[in-house]
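Please have a look at it first.

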Amino acid sequence: MVAGLAVFALACNLPVNFPFSPTETPTPTATAPPTFTPTPLPTPTPAPTAIPAARLATGEQALLVGDYLTAGGEYEQALLNAPDFEIQAAAAVGLGRAQWAQGDVATALRTLREAVALYPGAAAQAEGYFFLGEVYSALQRYEEAAEAFGNYISFRPGVV
């Protein structure tokens with residue numbers, strides 16, 4: 001075994017004569033970096049926006065089931081996005097109703113007063129006067145309530 005180690009140690013000191021010649025390493029050539037071509041993304045489909053009239057219906061349904069926050073949100077969106085005078089008037093009155101149902105009497109009073117003032121002649125104006133009368137009654141402002149109910153009756157005679 002010692003002889004094997006000695007041969008091995010001597011072999012490490014011998015000159016290397018390979019029977020074959022080493023090949024040259026190819027010289028790298030400069031190439032342009034690859035260009036990135038973005039892949040066009042498909043145009044996203046816009047999310048459907050409910051038309052204001054549909055928002056009025058959704059708001060009314062939400063009021064009926066007691067979801068006053070949803071109702072108020074639907075009426076606000078209808079009011080902001082409706083180009084139609086009648087829909088704006090109905091949305092303003094609906095918003096006042098939702099605020100009143102939530103117990104925000106001061107905001108409901110302001111909203112309903114604005115609704116009847118800003119939308120004269122609208123079909124919803126009569127309803128606005130009715131709920132304005134209800135809010136005044138809740139506030140024990142009976143003279144103003146009587147005036148609001150009187151305006152409602154003038155728009156809808158015989159309907160109480």
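Leu112 touches Val93, Gly96, Arg97, Gly128, Phe131, Leu132 and Val135, leaving aside residues up to four places away in sequence, where contact means heavy atoms within 4.5 Å. This is a predicted model, in which local features need pLDDT of at least 70 and side-chain atom pairs count only at pLDDT 80 or more, while totals for chains, interfaces and linings use all residues. Residues are numbered from 1 along each chain as its sequence is written, and side-chain values use heavy atoms, with hydrogens and water left out.

Leu112, together with Leu132 and Tyr136, has the most contacts inside the largest nonpolar core, which has 19 residues; such a core is a set of buried (under 20% relative accessible area) Ala, Val, Leu, Ile, Met, Phe, Trp, Tyr and Cys residues joined through side-chain atoms within 4.5 Å.

Turning to the rings, the structure holds six aromatic pairs, counted when the centres of Phe, Tyr or Trp rings (for Trp, the six-membered ring) lie within 6.5 Å, with planes under 30 degrees apart called stacked, over 60 edge-to-face and the rest tilted. Trp100 and Phe131 form an edge-to-face pair, 6.3 Å centre to centre with 65 degrees between the planes. Phe131 counts as buried at 15% relative accessibility, whereas Trp100, at 25%, is partly exposed, a term for values between 20% and 50%. Phe131 also pairs edge-to-face with Phe130, at 5.2 Å and 90 degrees. Finally, ring pairs link Trp100, Phe130, Phe131, Phe149 and Tyr152 into a cluster.

Note on methods
Buried < 20%, exposed > 50% of the residue type's maximum accessible area, 1.4 Å probe, protein only.
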